Amino acid sequence: MNKNFLIYQFYSSLIFLYISDMGAMISIIWASLELTGNTIFLGSMLCISTLVPYVIKKIYTGESLSISNLYVLRAFFYVTILIITLLGIATEYSGFIITILLFGVVNILTLSVYETYNSYMVNNSYISSELASRIMQTVLQSGAFLGAIIAGVLIDKVGYETVIKIIAIYEIILNILFYFFNKSIESSRKKFTYSKSSFIIDNISTNQEIKFIYILCLPLGIIGIHISSFNILSTFIFQNINNWDSTLFGYASGLAGIGAFLASIVSFKKVHFIVYTFILILFDIVYSNTNFPLVAILSCFFIGFSINTIRISIRKHMLDIANSPLLSQKMGELSASSYVFFQSIGSIIIGIIISDNLAGEAFSRVLLPIIGIMIFLSSYISILTTKEKIMKNFIIVDPFSTGALLAPEISKKGHYVYSVLSNNHIPDFYKSSYTGEGFCNSSIMAIDKAKKKLKSIDGVIVGTESGVFAGDLLAEYFNVKGNSSDSSQLRRDKSLMQKTLKENGLNYIKSYEININNYISIINMLDINKEYVLKPKSSAGTDGVLYFKNKEILLKFIHDDIWKKTDLFGNVNNTYLIQEYISGKEFVVDMVVNNDDIFIASLCKYEKCYINNSKFVYKSLITLDPNDNRFEPLIDYAKQCAKALKIKHGPAHMELFYTTENKPIMIEVGARLHGGIAPLLFKECYEDNLLDTTVTYFIENKLPKNKKAKLNKNGKIIFLINSDENSLLDVESFKPKLSKLDSFVGAKIFFGNNEILPLTTDLTNIPGIVWLSHYDKKQIERDEFFIRSLFDKYLLKHNRSYL
């Protein structure tokens with residue numbers, strides 16, 4: 001089932017249910033007070049009706065009610081309500097009692113089930129927590145608004161009994177249809193519930209998160225008191241104090257619904273939601289004390305807008321905390337139960353307070369402002385208490401290369417980041433590059449220490465290629481999203497990558513895995529007319545990649561020493577990969593993946609040259625626009641490769657050829673960010689750039705709405721090339737002149753003044769890089785020419801003095 005259709009189906013069904021629920025509630029409240037004149041009776045019935053499902057849930061501890069069974073219960077209850085109206089007892093005390101009880105049970109069960117399913121969808125990346133919270137409130141308020149307007153008008157026109165009959169018939173038909181046509185929601189729920197059942201769950205962490213959910217339930221419950229009080233007090237103020245009719249009451253309820261609806265779709269992110277508690281208190285005072293109907297009705301708009309903004313913010317915090325199926329179910333139950341419990345208690349207390357026997361009319365004018373103050377206090381205390389949990393905890397495994405760029409960006413947003421080392425074989429030059437910037441720990445932790453020290457983790461990020469295996473395993477250990485450890489080998493073993501592409505019917509490079517025992521026999525069977533590439537099986541970049549004109553030259557090259565060499569990450573190369581040499585243009589596609597959703601964050605093209613007897617010398621990397629239709633086949637192929645290699649989560653860096661036959665072929669993929677400084681250049685060039693998109697994805701679990709980044713500015717990385725043996729670079733003279741270029745963004749020189757530069761043969765031994773960005777491509781080309789001329793000018797022989 002299409003994910004977007006499922007989301008639409010889920011939320012739209014709730015709108016239709018809530019139209020009748022709100023219509024029934026408005027009708028019952030108005031008719032009850034009009035016919036009985038007893039606020040204690042109304043409050044008591046609302047209290048009992050909301051407590052019934054709460055008590056049932058406490059007694060019954062089995063599996064939560066499914067959405068299919070909810071539709072059956074709703075249909076049955078509304079059949080009972082229809083029978084009551086047909087028997088002519090709807091306006092008698094017995095009829096009122098049964099109707100209110102049935103309505104209360106239906107309403108609360110519906111809220112609880114839909115809240116739980118809403119959290120399931122957030123947990124499984126169908127939707128972000130903020131969007132889920134807003135859409136949930138939007139559909140509730142849309143239904144509430146329409147129901148309030150319709151009921152307010154119809155009661156005046158056709159009377160209470162007819163309105164209830166119409167609602168009952170509408171509900172019976174609707175729930176029967178939903179039962180048969182919404183089966184996909186139920187089947188998805190089973191997938192949601194058990195999708196992570198194999199993960200190891202940290203009970204200490206789970207209990208702590210449940211505690212935070214309980215704390216956030218306090219302001220949510222007091223909001224329930226405010227809503228139930230508003231419903232009762234509004235009826236009392238309109239009927240008993242001001243003698244206004246039900247049509248005005250319907251308009252007031254409807255305008256409150258409009259305000260709440262707008263709060264669902266309009267977000268003022270710079271305004272903290274606590275500010276809205278003061279706005280709520282102000283208009284509670286105005287609404288409760290004015291003698292002008294228009295002022296009262298307009299005040300309802302601000303009351304609805306404020307209280308819904310507060311409620312959305314609290315619900316978002318709860319959804320962020322409920323990061324597992326168990327917590328999703330618990331959050332749905334607790335949020336609905338607390339809302340119900342406080343609402344029910346509030347109903348009876350308000351009914352008693354405003355009765356003639358206690359405070360009467362005068363005190364009714366200050367009740368809403370008092371509850372508004374309670375919402376402010378509870379919200380402020382809850383947010384302070386749960387701030388530690390709202391600030392998330394992340395692990396970056398092997399935080400080297402671009403992995404080091406993520407921690408400062410995440411920590412700037414107020415979250416905590418910890419560095420973890422995947423193994424002890426990481427070379428010292430990698431370890432020494434660790435600065436600790438943005439991390440909570442100054443020295444990198446071992447995996448065992450991380451498991452003992454870190455009890456609650458919200459995300460595990462792979463920093464560089466060597467961290468793939470450990471990153472997948474740690475994600476499962478901490479019960480957070482990640483790529484499956486069962487398929488980790490697909491994302492590291494270059495031979496297995498090509499085999500998997502072949503098995504999935506995708507273009508692939510013919511590859512042969514060799515070791516010290518089989519290399520002779522395998523090379524002898526190769527085609528004498530083909531060119532070949534030899535590379536380590538699991539390294540990265542162009543580390544150890546060599547070109548051979550034919551198999552005979554390849555066979556002569558292989559000697560005993562190559563089996564003792566180590567790769568970029570300190571692993572012994574006891575296995576190599578022989579691949580047929582592919583000629584064509586080389587591209588890079590950078591993606592951020594969220595299950596089946598793939599966002600294309602950048603598209604680049606490499607320029608290479610043959611120099612120093614190497615075909616793997618890179619001249620530059622040029623940014624391209626992923627939205628250019630010419631590259632659509634390449635991008636579609638890259639997406640298919642990502643899915644075939646089971647990349648489900650986080651960034652992916654894929655290198656590909658566009659062959660001379662215009663055929664895309666994947667070279668290899670890394671389940672991590674683009675290496676080097678590329679993400680920094682992309683920040684200059686792309687809207688929804690790779691680095692920011694990756695950070696937002698891990699923190700908020702969402703990708704940009706558009707499927708591809710937009711190129712706003714041209715960019716280019718210049719790889720410096722040394723072809724002179726025994727040479728030095730006058731770094732102190734060369735580097736300062738670069739900053740004067742119009743397109744200059746940044747530069748890194750990897751050697752000092754007194755260091756001899758190696759001949760450039762691949763990306764692992766380049767003297768340095770310069771990255772440029774400008775709206776004018778010609779300017780970049782002019783600056784590149786200047787940079788290369790300047791490099792040659794300050795490239796000096798070792799036996800010359802340049803001091």
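**Rings, charges and a covered helix**

The charged end of K615 sits over the ring of Y547, at 4.8 Å from the centre of that ring. I start with this detail because what we are looking at is a predicted model, and I would like to go through its side chains before turning to the chain as a whole.

A pair of aromatic rings is described by two things, namely the distance of the centres and the angle of the planes. Since F278 belongs to helix α10, residues 273-289, and F376 to helix α13, residues 360-390, the pair ties together parts that are 98 residues apart in sequence. Are the two partners buried or exposed? F278 is partly exposed, at a relative accessible area of 48%, whereas F376 counts as buried, at 18% relative accessibility.

For F682 and Y686, the ring centres are 5.7 Å apart and the planes stand at 75°, and because planes over 60 degrees apart count as edge-to-face, that is the class this pair receives. F682 is buried, with a relative accessibility of 0%, and Y686 is buried as well, with a value of 4%. Ring pairs can also join into a cluster, and one such cluster links Y276, F283, F301, F302 and F305.

Next, a polar residue, N175, which has its place in helix α6, residues 160-181. N175 is buried, with a relative accessible area of 1%. Which side chain does the side chain of N175 meet in a polar contact? The partner is the side chain of R74, at 3.5 Å. If we leave aside residues up to four places away in sequence, N175 touches L17, Y71, R74 and A75.

Now to helix α17, residues 468-477, which is mostly covered, in that seven of its ten residues are buried. The buried residues are V468, A470, G471, D472, L474, A475 and E476. What covers them includes the strands β1 (393-397), β2 (416-421) and β4 (459-462), together with helix α16 (447-453). Just after α17 comes N479, which takes a positive phi of about 60°.

One more position is I225, placed in helix α8, residues 203-241, and buried at a relative accessible area of 14%. I225 and I349 are 124 residues apart in sequence, while their C-alpha atoms are 9.7 Å apart in space.

Finally, the chain as a whole. The protein chain contains 25 helices and 20 strands, and buried residues make up 59% of its 803 residues. Among the contacts between residues at least 6 apart in sequence, 76% join residues at least 24 apart. The accessible surface of the chain comes to about 33100 Å², and 58% of that surface belongs to carbon and sulfur atoms.

Methods. Residues are numbered from 1 along each chain as its sequence is written. This is a predicted model: local features need pLDDT of at least 70, side-chain atom pairs count only at pLDDT 80 or more; totals for chains, interfaces and linings use all residues. Side-chain values use heavy atoms; hydrogens and water are left out. Helices (H or I, at least four residues) and strands (E, at least two) are DSSP runs, numbered from the N terminus. Buried means under 20% relative accessible area, exposed over 50%, partly exposed in between (1.4 Å probe, protein chains only). Rings of Phe, Tyr and Trp (its six-membered ring) pair if their centres lie within 6.5 Å; planes under 30 degrees apart count as stacked, over 60 as edge-to-face and the rest as tilted. A charge sits over a ring if NZ of Lys or CZ of Arg is within 6 Å of the ring centre and within 35 degrees of the ring normal. A polar contact is a pair of N or O atoms within 3.5 Å; within protein, one must be able to donate a hydrogen and the other to accept it, and residues adjacent in sequence count only if both atoms are side-chain atoms. Contact means heavy atoms within 4.5 Å. Accessible areas come from the Shrake-Rupley method with a 1.4 Å probe; for residues, only the protein chains shown count as cover.
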